[in-house]
Amino acid sequence: MSKVTKEQVLRSSGVNVLKCMRCGKCSATCPSYDEMEYHPHQFVYMVEKGDLEPLLNSDSIYKCLSCYACVERCPRGVEPAKVVEGIRNAVLRQSGMNHIKAENIPDMLDEDLPQQAIVSAFRKYKR
Amino acid sequence: MTFSYYPGCTLKTKAKDLDRYGRKAAEALGVTLEELPDWQCCGGTFSMSKDEIASKLSAVRSLASAKDKGNDLVTLCSACHNVLKQTNDAMKNDPDFSAKANNYMKLDVPYNGETNVIHYLEMLRDRVGFDKIAEKVTNPLTGKKIAAYYGCLLLRPGKVMQMDNPENPTIIEDFIRAIGAEPVVYPYRNECCGGYVTMEDKALAKKKSNKVASSAAENGADMIITACPLCLYNLNKNADESDIPVYYFTELLAEALGVKD
Amino acid sequence: MQRIGVFVCWCGSNIAATVDVEAVSEALKSEPGVVFSTNYQYMCSEAGQNMIKDAIKEHNLTGVVICSCSPRMHEATFRKTVQGAGINPYMVEIANIREQCSWIHKDKQTGTEKAIILGKAAIAKVHLNAPLTAGESPVVKRALVIGGGIAGIQTALDIAEAGFDVDIVETKPTIGGKMTQIDKTFPTLDCAACILTPKMVDCAQNEKIHIYSYSEVTAVKGFVGNFTVSIKKKARYVDTTKCTGCGVCTEKCPVKNVPNEFNLGMNNRRAIYIPFAQAVPKVATIDADYCNMLKNGKCGVCSKVCTAGAIDYKQQDEIIEEKYGAIVAATGFNPIKLDNFDEFAYSQSKDVITSLEFERLTNAAGPTSGQLLRPSDGKHPHTIVFVQCVGSRDTSGCGKPYCSKICCMYTAKHAMLTREKYPDTDVYVFYIDVRTPGKNFDEFYRRAVEDYNVHYIKGMVGKVAPRADGTLDVQASDLISNEQLHISADLVVLAAAIEPDKSARPLATMLTASMDTNDFFTEAHAKLRPVESPTAGVFLSGTCQGPKDIPETVSQASAAAAKVIGLLCKDKLTCNPCVAHSDEMLCNGCSSCEKVCPYGAITYSDKEFRMPDRTTAIRRVAAVNEAVCQGCGACTVACPSGAMDLKGFSNKQIMAEVDAICK
Amino acid sequence: MQVNEKEFKPTIVAFCCNWCSYAGADLAGTNRLNYPADVKIIRVPCSCRVNPMFILRAFQRGADGVIMCGCHPGDCHYTTGNYYARRRMTLLFSMLDYLGIERERTRVEWVSAAEGAKFAATMNEFVETVTKLGENKRLEDLRCKEK
Amino acid sequence: MQGKMIARAKELLQNGTVNRVIGWKAGDFAYDITPAVFSSAEELDAGFVYNDFCGANFSKYLVKESRKEGKILVFLKPCDTYSFNQLTKEHRIIRDNIYVVGVPCDGKTDGETLKLKGITGITGIKTEGDSFVVDTLYGEKTIAKADALPERCLSCKSKKHVAYDELLGEDGEVCESNRFDMVEKLEAMSSEERFAFWRGELSRCIRCNACRNVCPACTCERCVFDNDNSGIAQKAAADSFEENMFHIIRAFHVAGRCTDCGECSRVCPQNIPLHLLNRKFIKDINEFYGEFQAGEDTETRAPLNIFDTEDVEPSIVYEKGGN
């Protein structure tokens, strides 16, 4: 895995992590909080510090529901979900780093599952 | 009243009811929905990464095609609406993105977010008017206690979607009143159902959808209505702690207007 | 030809660090007309000023250029200095080489080059300066205080104490302001009413103070020393000279369902009301929006029961005009509306309240007579969650970007009082930072934690979900333990940000006083003139200038009063001599200047002129009233013939500066 | 040539009203907010004191850009001065544009006493714009200076 | 018309309404018509003319004339009445000392124009429909008005008199004019093209001051360009930038006061289309601040002496498009 830099994540996400005042409202509002090893506020703080490795290797990036609750409620307009997405895309863009593989997909499907879920999952989990 | 109409893939397959009833109701209300002839899949989800260009182009193409038609573009599926609205916003307000996208697409005239994208519900509220709908209701759903489920995609990010107050929306509640029923307000109506995570982490999806469905039931709702096929799926399939039924709002609208067959 | 002296200030290292002051004084030495040029560490110091005075005498200087800090800082100082040495104070020009040069340019060469150009521009201007003599205008020895809260009250009392007449204009039916709604005050926990109401009574009884309650300022004209203010006395349908405040009418009035604003709508009052028992003036007011008699002519009960015959349904709004020498803005604050914060369910649940509502719930004169009861069911809450920074420090556009300053302390007070009175309650405070700078403030907060066991949790609340069983699910971060918490609360109290009262913006426009982007009044200088507005004669008292607690408000109120007294003590004010002047020989008589003058300072008259051909002609020409002109210069540009010019900023002077800069 | 363009330092005249914009410029200084030294400020009591003649004079004497700053409309210290200034400058700038002088060389910005940051940002932006345009060749041409 | 005018002027002199008449007087040549003051019936009979060469606008003369003893009779064409009103509004002329007789106008030509079209030896002129019939030493020559009228008449803004004490003949209406066409054309050009255009035009200026001297809005007691203390005094320009300055400042000085009478362009010996500067201001004022016609009345405030809090920002210049 080639090195992912802080600058890369910041550029891709378009987020200014320095705006964060560490109130934790993002994590207070996150519906996937309990499933995440690193929480939204930690994503922001760790990217600020340049401490990317733990995030890149954590399953937390696949637990974000992209529900925008943290984006909506952040009092500083930081948009933590975009940081998570930035890390996730950095991982997925590495070759061979797809989180789900095409051959596994049929097992995940049931007959009622709407297309949008499949398409979204492809986008969120796979290059 | 004529609008361009973007159905999206799901409405052509798993969510045919959402589409079918939507069209019937529109007809009954005197609204012409002209399906965009060359619409493409919106991409399912809007990538929040600024440097993701390619995955957003199909949405841009549909938007540009709607611009050529000259009418406002009506969407129905929450996910498609979210993607189209956010993509359109980026084309309008993010010069870097729109320059790149236009560069890829090589349209005759560059597209810069000129199309006005509105959701079917906004069309009902702002163009038709809920009071007009109430007048046309022949079969009011009197006595039904209905919980509106907004999910996340219709309302957020609020600055882009601009449909309603993202924390205390009223549009679906007003809709419910227009068709003669009683809205049930409950706190989780704008919290996530789990979304696409159902593909990857069923347990999480179940937890989230149960929270929504139980909250609606606890507050005395007979049923939940939604505009999103994936929400409907999650609340039906994954919310296993309650058996509260979930419908598309268009189905109830068609029923109230007496055009449901 | 002027004999010009140039004085370059180092301002310690403030200028000298990035501007080669030696090079500047050397370069300016060779400018035409410059006969002396030097530099010194602190020109504004006594030694520096003496250096200027000595040079003026020694070199017979007629003009002085000082290269230093902003003229907004020390122009007046140096004018006095040269006057002391016998030359006209308006023969000084300042080149701003600090704020507009040394402080913004890091490279010394760049800074030096620019400083020289700025110096040259000032020299070019001073060449064209002419001695100016300031006129005088009288001072009306009466002050106006706008706003009758604790700030306005204190300012008025102090001004009256010095022997000047002072009027208070208050929009509400009573003075007292927000402090009347507060129960106890931090950090001493003494009763707000006990310390406020005596001051209110003092105002009412002081013969120097006149209170216009239920009144508004509608127009302000004039300038320092000579303001003319229009005050609208809103019809209260009660003759205040007759009403005894007995309160019988407020008991007999049949309209009982008017939300009581004093208790923030948590209980009701009648259509005729006295806001609270200690109101000043203690007279009744009829709420025209609810009164049946005023709405449809059917009722008249209050009139029947009033033995004093004070009820007057025919009363009209009345506008009076009064003259003042000084005006104090004391318009105060309000908590923000919480429409943008529905994630806290304020509009969905009665049991989510603001801190000010909490004050009323704990106040003996409040809707629950001081019993802490849930608004929804009247039961004692057992778990209470306080949420800090609701709308404060918010740059997302939903709230206010600033810290509201008072919330940390009043929340500690609320938490402490609750735990003291109801030891069986659990009290949580969610905070981002606890800010307690102030005498005995941190000690107070620590007492809440250590002696009263209030649970302070570092983190923010993300969502409050009202449950069907009446409890509130508070979902929040605990950042220290890195957990997401769910607390089942009975009552949630939101520390809503405070914002300037909405009346402040239009008032600022009337006063031509500037405001910041948050609608707080701007002070003339952030450090050195904190209670004055940049507009002469307008002073600032209390939270209209920025968030403040009570002791700070009172001290600022007294400071504003001191400034007002200093002004009213003077019999005459020196006018600004930089005023417009019309050259009658050039004047066309076209009236363009008259039309754009905001002060009505220009008048026209027919005058007889002796023409070059020895005939006489009657011509219509403009004349400027120098006491009224404020020197904006609008007329000088409107004048097509160039007859109108502005002293101190003449066409030629400005063009000389342009030339010097563009050379 | 390339090198020369890089070294081009424009001459910029900024007319600032005493009450808002000049104070805003002071605040920019107090907060140490950098902007290029090419900007030289002339203090006027009010934006309504700025005579179009001054702006033409600046261009005549070699300015590459002229900016006028005043209180925000509605906040004029003299109540109405900037409203007149706004009309005058709008018409003047439109005329200069009409004569073929690059419209980017003239600008009006409302800067309050509290907006030090805006002042610095405005000046940075304006200097950048004018620098990109290069020397005021058209006016120089108008001046018919033989090269 | 000439006969009627003379007759009416005699009456007014006779009955003492006025003590003199300002009017047009024939010179050495038929087209060489100059303004003159007549104070008797005899003088009128001897020299008063009114024909298709009588373009001069007398409003400006009234600045001095109205300050003299007694009332003066003036004949004003529709477009002259706008200048007249404007000067009244600015207190430059004393209305009470003037008796205005409005006379109709179908466009006025001049000898120079006709000469350029090859018509020489002119001895007289009359209007026949859309043409002028010119008597010359070489016989009658006919020329279409469209070819012989100056720009200001071709784009005539009004045939209606906005100020008069009495009218001779029928009053007309405000015209739909195409007077902004050329301004629009210039606006649509690129900045470079506009620059080239103006450079070509203004560089011909010889600073003869004819435009200033004829302009009914230029009535200053002392012109800023002649005033050493104004800071911008210039008798003759030192360089061509000053030429341009002169025209820009002059246009700005009359902005909101210029009635678009077109005299400046008419008298310019170098044929510089100076009216295009004034019309730009008029067009901008109309677009930014609402329709305004200087001189339409004597009350409305000039657009630069009034404002609206919701006025457009100067940035409109950048946003307006064009190049």
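This passage describes the confidence, chain contacts and selected local geometry of a predicted model.

In chain A, the mean pLDDT is 89, and 95% of the residues reach 70 or more. Among the elements of this chain, the highest mean pLDDT, 97, belongs to helix 2 of chain A (residues 25–29), whereas the lowest, 73, belongs to helix 7 of chain A (residues 105–108). Where pLDDT is low, predicted coordinates should not be read in detail. Chain A is divided into two domains, with domain 1 spanning 6–94 and domain 2 spanning 100–127. A distance of 23 Å separates the C-alpha centres of domain 1 and domain 2 of chain A.

Six pairs of chains touch, and of these the pair formed by chains C and D has the most contacts. Chain A and chain D are not joined by any contact, and their closest C-alpha atoms lie 17 Å apart.

The contact between chains C and D involves 44 residues from chain C and 44 residues from chain D. On the side of chain C that touches chain D, at least two residues each come from helix 4 (71–84), helix 5 (98–102), helix 6 (108–127), helix 18 (634–638) and helix 19 (651–662) of chain C. Helix 19 of chain C contributes the most to this side, with eight residues. Classified by residue type, the side of chain C that touches chain D comprises 19 nonpolar, 16 polar and nine charged residues.

In chain B, helix 9 is largely enclosed by the rest of the structure, because six of its eight residues are buried. The buried residues of helix 9 of chain B are B:Ile171, B:Ile172, B:Glu173, B:Phe175, B:Ile176 and B:Ala178. Their packing partners in chain B comprise helix 6 (120–128), helix 7 (130–136) and helix 12 (249–257), together with strand 5 (145–148), strand 6 (182–184) and strand 7 (223–226). After helix 9 of chain B comes B:Gly180, which has a positive phi near 90°.

Most residues other than glycine have a negative phi, and most peptide bonds are trans. B:Gln162, a residue other than glycine, has a positive phi near 50°. B:Gln162 is located in the loop between helix 8 (158–161) and helix 9 (171–178) of chain B. With 12 other C-beta atoms within 10 Å, B:Gln162 is exposed. In chain C, a positive phi of about 60° is found at C:Tyr237, which is not a glycine. This residue, C:Tyr237, occupies the loop between strand 12 (226–233) and helix 9 (248–252) of chain C. C:Tyr237 is buried, having 23 other C-beta atoms within 10 Å.

Methods. Residues numbered from 1 in each chain as written. Chains lettered and ligands numbered in written order. Predicted model: local features only at pLDDT ≥ 70, side-chain atom pairs only at ≥ 80, totals over all residues. Domains from an automatic or database assignment. Contact = placed C-beta atoms within 7 Å. Helix = DSSP H or I, 4+ residues; strand = E, 2+ residues; numbered from the N terminus. Nonpolar A, V, L, I, M, F, W, Y, C, P; charged D, E, K, R; others polar. Buried ≥ 20, exposed ≤ 12 C-beta atoms within 10 Å, placed from the backbone. pLDDT = per-residue confidence, 0-100.
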